[in-house]
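Biologist: I have not looked at this model before. Please take me through it in short questions and answers.

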Amino acid sequence: MEIGLTHFIIAIVTTNKDAVSSGSSPIFYAKDEEHLNTICLRISKVVRGMVHEVDSGTKLVIKQ
Amino acid sequence: MNEYYILIIPALIMGTFSRVTMMKSDYRQYPTYPKGYLAHFTLGFIAAGLGAIALPALIEKEFSAITFLALGAQHFRDVRGMERQSLDNIEITEMVPRGTAYIEDIAKTFEARNYMAIITALVTSVIVYIAIVFSIQSYIAVFIGVLGGLGTHFFIKNLIRGKEIGDIAEVKEAEISFDGPMLKINGVFIMNVGFEESRNIFLKKGLAVEIIPKDDNAIAYLSNIGQRQAIQHNAANQLGIRKDVDEPDFTPIARRNSDNGNIVMGIVLMRPNINALIDVVKKTPLLESSKQKPLDSITNLKYRENKI
């Protein structure tokens, strides 16, 4: 049986430090849009999560 | 005892035949794995045996034999459990899961097919017996019995044949678009796709269909989540989905348009072909567990009578 957290924000990745403050999930600050996508891709591949866009410059990795 | 062989053997053959013909190898490829064939052939043979010896036992006034039928029924309920468990076990290995409702439906079908073998065998032996009572020659009696068994087989087969999505709804091509990161199909929001690349793949290779229910009962059928999972599974399984386990972006999702009850589904296939997708969706079986007839409820009937 596979046990894991689902529907849970695994990571928040943003280029805008003002948009996201503290929270229950780790926050990754990216330099620019390209860096943001790279971080999201790497995290999502590790946890088999899906990347969702909240706002331009802020994305979430969520395990569905 | 020997005079009963004329009842038992044709009945046994007809009952087994009834079970074997239902093991057709189609797109579901289930239970037609080689080992599954043997397991279900044997169970079908046992079921036919139970049906075939019921009448000779009654003629011999062995009324306790009926308890064996009860035992058989219990056994075939276990067949349902066995199928359910086996499909549940492999569920996590499926790229797009079948869903519990589809599994339950498949398991029920397996149970029902064994009862079909019992009834076919029983009817065959009863007809042969009646023919012999009327002093018809034994080979003609067997012939009539076989015809009766065949009739029973096709009658039950027709009776348990379920409907398909195409019977209750129209399926049309739908349009995929993006509103920022939000994937939309015919204006219905489906999901948030964060990667630009995934969005491009959706726009380039994605296909979408809209399932339009024909009446209010069909709206209720299609609202069932298990039914939608079955559609997703069939489409992904038969047409080849373009996805791996670490790409949840391309999981097919069927969503309901809350305004009119239509279902929209988007999918990314290896070889996109909209006509094939429409065909597969139309041929998805309508699950027994999703069947509902709200139009036949007392409230609805009363309401409609007052309205008309």
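Modeller: A salt bridge here is a side-chain nitrogen of Lys or Arg within 4 Å of a carboxyl oxygen of Asp or Glu. The model is predicted.

Biologist: How many salt bridges does a search of the whole structure find?

Modeller: The search covers all chains. One of the pairs is Arg84(B) with Glu104(B). Over all chains, the number of salt bridges is 10.

Biologist: Which helices hold Arg84(B) and Glu104(B), and how many residues apart are they?

Modeller: The side chains of Arg84(B) and Glu104(B) meet in a salt bridge, 2.8 Å from N to O. This pair links distant parts of the chain, with Arg84(B) in helix α3 of chain B and Glu104(B) in helix α4 of chain B, and the separation is 20 residues.

Biologist: Is Glu104(B) buried, partly exposed or exposed?

Modeller: Buried means under 20% relative accessible area, and exposed means over 50%. Glu104(B) has a relative accessible area of 21%, so Glu104(B) is partly exposed.

Biologist: How do α3(B) and α4(B) run relative to each other?

Modeller: Helix α3 of chain B covers residues 66-91, and its axis lies 8 Å from that of α4(B), at an angle of about 150°. An angle over 145 degrees counts as roughly antiparallel. Therefore α3(B) and α4(B) are roughly antiparallel.

Biologist: What is the handedness of the crossing of α2(B) and α3(B)?

Modeller: Helix α2 of chain B spans residues 34-59, and its axis comes within 10 Å of that of α3(B), crossing at roughly 160°. These two helices are therefore roughly antiparallel. The crossing of α3(B) and α4(B) is right-handed, whereas that of α2(B) and α3(B) is left-handed.

Biologist: Is Arg98(B) buried or exposed?

Modeller: Arg98(B) forms a salt bridge with Glu94(B), with the closest N and O atoms 3.1 Å apart. The relative accessibility of Arg98(B) is 6%, and the limit for buried is under 20%, so Arg98(B) is buried.

Biologist: With which residue does Glu170(B) form a salt bridge?

Modeller: Glu170(B) is partly exposed, with a relative accessible area of 39%. The closest N and O atoms of the pair are 3.8 Å apart, and the partner is Lys172(B).

Biologist: Which helix gives the most to the nonpolar patch?

Modeller: The patch has an area of about 980 Å², and its residues include Tyr129(B), Phe134(B) and Ile144(B). Both α4 (100-133) and α5 (138-160) of chain B supply at least two residues. With five residues, the helix that gives the most is α5(B).

Biologist: What is the relative accessible area of Ile144(B)?

Modeller: Ile144(B) is in helix α5 of chain B. A patch residue needs over 30% relative accessible area. Ile144(B) is partly exposed, and its value is 33%.

Biologist: Where is Lys61(B), and is it buried or exposed?

Modeller: Phi of Lys61(B) is near 60°, a positive value in a residue other than glycine. The residue lies in the loop between α2 and α3 of chain B. At 63% relative accessibility, Lys61(B) is exposed.

Biologist: In which loop is Arg48(A)?

Modeller: Arg48(A) is not a glycine, yet its phi is positive, at about 55°. Its relative accessibility of 43% counts as partly exposed. Arg48(A) is in the chain A loop between α1 (33-47) and β3 (50-55).

Methods: Residues numbered from 1 in each chain as written. Chains lettered and ligands numbered in written order. Predicted model: local features only at pLDDT ≥ 70, side-chain atom pairs only at ≥ 80, totals over all residues. Heavy atoms only, no water. Patch = residues over 30% accessible without salt bridge, like charges linked within 9 Å, V, L, I, M, F, W, Y side chains within 5 Å. Areas by Shrake-Rupley, 256 points an atom, 1.4 Å probe, with all protein chains shown as cover. Helix = DSSP H or I, 4+ residues; strand = E, 2+ residues; numbered from the N terminus. Buried < 20%, exposed > 50% of the residue type's maximum accessible area, 1.4 Å probe, protein only. Axes fitted to C-alpha atoms, helices over the stretch in contact; angles between N-to-C directions. Parallel < 35°, antiparallel > 145°, perpendicular 65-115°, else oblique. Left-handed = near helix turned anticlockwise from the far one by under 90°.
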